[in-house]
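Dear colleague,

Please find below the structure that I am handing over to you.

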Amino acid sequence: MEQKRVFLERVENKDEDLNISNYRVDSDDYLEIVKLAIEEELVLGICIKYASNKGIVIHSNAHLSSKGIEYLDNPDLMETESKVNVAPSQVINIYGGDQRGAGFGMNATINNNFDNSLEELGAFISRLSENEQKEANEILDAIKNGDIKPGMLSRFSTFLESHPNLGAYTGKAIVWALTKL
């Protein structure tokens, strides 16, 4: 509650860099505070965007709403009201048996970011030597073409063992490809 008040004061004081948390809060907790302030409609002109599983606070005209001003004037009263008025809701979003992106929990937000997998794999391959790139590109082509079959990576086992990061990126890309089938 105290850190939410600190964040609202930063917005009120027109802090230039709301993307950086204060020294008492780590970045993940800070994003949760910002997300909560947005959901409770305490701030306007601000949002959180995610890229590669990392949240970025975007603000151009961040300002307090009337609820935000009331919260700063009397945070104890606002906290009591929000606890009384908020009814928990459970989210289960499975669409017709298709479980891709399904989420279970209280007001769950699901960010799979599978689309980043091919880009990460391609970027890793580009840092390999020319000979290694040829073999690695065969793996990438198989994934892009949807040619994913049991044992498809067995002929690359020695190569993947010598490049564990390539194996990790390949695994993520295969999961991405399988969600597209």
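The notes below describe a helix, its salt bridges and a patch of charge.

Please bear in mind that this is a predicted model.

Helix H1 spans residues 2-12, and its buried residues are Lys4, Phe7, Leu8, Arg10 and Val11. These residues cover an arc of only 155° around the axis, so they lie on the same side of H1. After H1 comes lysine 14, which has a positive phi, near 60°.

In the whole structure, 6 salt bridges were found. One of them joins the side chains of arginine 5 and glutamate 2, at 2.1 Å from N to O. Both residues belong to helix H1 and stand 3 residues apart, about one turn of the helix. An α-helix has 3.6 residues a turn, so residues three or four places apart point the same way. Arginine 5 is partly exposed, with a relative accessible area of 22%.

A further salt bridge pairs lysine 172 with glutamate 120, whose closest N and O atoms are 2.7 Å apart. Because lysine 172 is in helix H8 (residues 164-179) and glutamate 120 in helix H5 (residues 116-126), the pair ties together parts that are 52 residues apart in sequence. Lysine 172 is partly exposed, at 38% relative accessible area, and glutamate 120 is partly exposed too, at 24%.

Finally, a patch of negative charge on the surface gathers Asp26, Asp28, Asp29, Glu32 and Glu39. Glutamate 39 is part of helix H2 (residues 27-39) and is exposed, with a relative accessible area of 52%.

Yours sincerely,
A colleague

Conventions:
Residues are numbered from 1 along each chain as its sequence is written. This is a predicted model: local features need pLDDT of at least 70, side-chain atom pairs count only at pLDDT 80 or more; totals for chains, interfaces and linings use all residues. Side-chain values use heavy atoms; hydrogens and water are left out. Patches are made of residues with over 30% relative accessible area and no salt bridge: like charges are joined within 9 Å, nonpolar side chains (Val, Leu, Ile, Met, Phe, Trp, Tyr) within 5 Å. Accessible areas come from the Shrake-Rupley method with a 1.4 Å probe; for residues, only the protein chains shown count as cover. A salt bridge is a side-chain nitrogen of Lys or Arg within 4 Å of a carboxyl oxygen of Asp or Glu. Lys and Arg count as positive and Asp and Glu as negative; His and the chain ends are not counted. The place of a charge is taken as NZ of Lys, CZ of Arg, CG of Asp or CD of Glu. Helices (H or I, at least four residues) and strands (E, at least two) are DSSP runs, numbered from the N terminus. Buried means under 20% relative accessible area, exposed over 50%, partly exposed in between (1.4 Å probe, protein chains only). The arc is that of the directions from the helix axis to the C-beta atoms.
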